[in-house]
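Welcome, and thanks for taking a look at this one with me. Please open the sequence and the 3D view side by side before reading on.

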Amino acid sequence: MGYWGELKSWVLRDPAKLIRYLVLFVCSIVVIVQLYECFSKLSDPPISTHSYYNVNETIEMPAITICREPPYKEDTLTNLSKGGCPHPKYATCWMNYPYDELPLEEFFMNSTFEQDQTFYSYGLNGDPINVDIDSSLHFYMGRCYTLRPKIAMKRVSKQVGYSIVLEHNLFQSLSDIDLISGAGWHVFIHDKRENFTEINMKGSGRVEYVFVNIREEIEVKLQSQIFSNVEKRDEACSTQDGYSDLKCGEICIWKDLTDEVNCSGPWMHDIDQEPCNNSDSMRTLISDYRAVYEGDDDYNCNCLQPCESRIYTTYIQSRKTFDQPEPRTLIYIYYTTKLISMIEERPSYDTTQFIADVGGSLGFLLGLSVLGLIGILEHLTLFFCGDCIKRLQQKNEKRAQAENSEDAHSQSSDETLDVDSVYIVDKETLNKY
């Protein structure tokens with residue numbers, strides 16, 4: 001009959017058994033898929049977000065970066081071009097620049113403002129010793145200054161926060177170009193572990209921005225949120241102290257731009273390229289830099305995100321005129337509560353849940369019965385080894401029949417002899433009588 005004929009006869013002989021095996025096959029596929037998902041979740045667990053509030057005994061103040069508007073000294077820029085040069089981003093600034101006589105770095109330092117030309121006074125908890133201050137040079141923002149706290153605050157109030165008095169030098173503009181934002185100060189509030197970068201600060205989502213005018217007194221109330229991220233298989237994060245993903249992104253952009261023109265600008269630190277030494281290369285570098293600065297597209301630099309980051313939210317408590325004859329500005333930045341919002345990512349799948357899921361999947365396959373498993377194994381054994389078992393059984397039956405026939409023959413012979421003996425004895429007995 002062949003294999004298919006035997007299979008057909010087996011199916012027709014017991015179709016219920018075929019249905020049972022088909023159901024078992026389907027359930028096995030389902031369980032295999034479920035087990036694969038369980039192992040996948042164990043190796044790359046899903047993440048859930050938990051939000052709660054925490055009352056801290058001490059409060060960590062943010063870093064404050066302050067940039068002047070306008071950022072450059074107009075009289076210094078004007079000396080570069082007869083037609084006027086309100087900002088280095090304009091091409092007229094570089095057409096007649098004496099590259100061989102005046103280094104670019106020296107020019108940028110001379111055309112921006114020193115610390116004593118920016119701050120009249122500053123302090124944290126009323127004392128400047130509680131603050132570290134450093135400067136950074138940028139193309140659009142000029143020279144900016146970042147104040148970082150050296151101590152954590154144990155109280156929250158206006159008196160223990162930042163108090164900053166800024167000093168502005170008013171002058172008559174020699175150009176007809178209106179500065180859109182007006183004269184004043186750009187104030188960036190960010191995590192003290194982050195470095196200020198004028199490119200990435202715009203879209204980082206972790207920087208709060210306030211613009212303050214000249215002769216204005218402003219009070220800024222702070223609230224903070226702490227985000228704790230879980231490192232994932234396809235999305236790593238950095239726990240390194242002092243790491244700044246914003247700075248990493250900025251250096252990545254600088255490197256790409258300088259590789260295109262084979263020279264760098266004085267605001268591009270940590271770049272192994274010589275400064276631009278002619279008008280064409282400088283204008284090309286500025287044009288490319290402007291496209292990135294003003295563009296809305298994200299620049300892919302593959303920089304790790306920090307595993308923990310702090311985001312500050314600001315609320316303007318008051319804005320009023322700072323009534324002084326000098327062009328100064330007063331800024332207060334402080335907390336009014338020790339309550340901090342905590343947002344944490346946590347793995348939502350662990351070994352206990354894995355064991356429970358595996359048990360549930362196997363229970364679905366086994367029908368929640370160990371006896372059912374034994375029965376299935378018996379049927380599988382008969383299905384795959386049925387022919388061998390039948391041959392062994394037939395062989396054993398034939399052997400048993402042969403042994404039984406031999407025993408029966410010997411037993412019948414013994415009974416015949418006994419009868420004959422009895423018959424002879426009885427005959428002799430009868431002759432006596």
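The points below go through charged pairs and then nonpolar cores.

1. A word before starting: this is a predicted model. Local features are described where pLDDT is at least 70, and side-chain atom pairs count only at pLDDT 80 or more.

2. Let's begin with the charges. Side chains of opposite charge can pair when their charged atoms come close.

3. Please find Arg 193 and Glu 60, which form a salt bridge with their closest N and O atoms 3.8 Å apart. The two residues sit in distant parts of the chain, 133 residues apart. Arg 193 belongs to the loop between β7 (184–190) and β8 (208–213), while Glu 60 belongs to the loop between β1 (47–55) and β2 (63–69). Arg 193 has a relative accessible area of 33% and is partly exposed; Glu 60, at 19%, counts as buried because the cut-off is under 20%.

4. Now turn to helix α5 (residues 245–261), which holds both Glu 250 and Lys 247. They are three residues apart, about one turn of the helix, and their salt bridge brings the closest N and O atoms to 3.3 Å.

5. Arg 346 is partly exposed, with a relative accessible area of 35%, whereas Glu 344 is buried at 18%. Elsewhere, salt bridges with shared partners join Glu 60, Asp 191, Arg 193 and Arg 310 into one network.

6. Next, the nonpolar side. In soluble globular proteins, nonpolar side chains tend to be buried together. The largest nonpolar core here has 39 residues, and those with the most contacts inside it are Trp 94, Phe 108, Trp 267, Met 268, Met 282 and Tyr 289. Two or more residues come from each of α4 (104–111), α5 and α6 (279–294). Which element gives the largest share of this core? That is α6, with six residues.

7. Beyond its neighbours within four places in sequence, Phe 108 contacts Tyr 72, Pro 88, Trp 94, Leu 137, Phe 139, Pro 266, Trp 267 and Met 282. Another core, of 29 residues, lies apart from the largest one, and its members include Ile 64, Val 131, Ile 164 and Leu 166.

Notes:
Residues numbered from 1 in each chain as written. Heavy atoms only, no water. Salt bridge = Lys/Arg side-chain N within 4 Å of Asp/Glu carboxyl O. Helix = DSSP H or I, 4+ residues; strand = E, 2+ residues; numbered from the N terminus. Buried < 20%, exposed > 50% of the residue type's maximum accessible area, 1.4 Å probe, protein only. Core = buried A, V, L, I, M, F, W, Y, C linked by side-chain atoms within 4.5 Å. Contact = heavy atoms within 4.5 Å.
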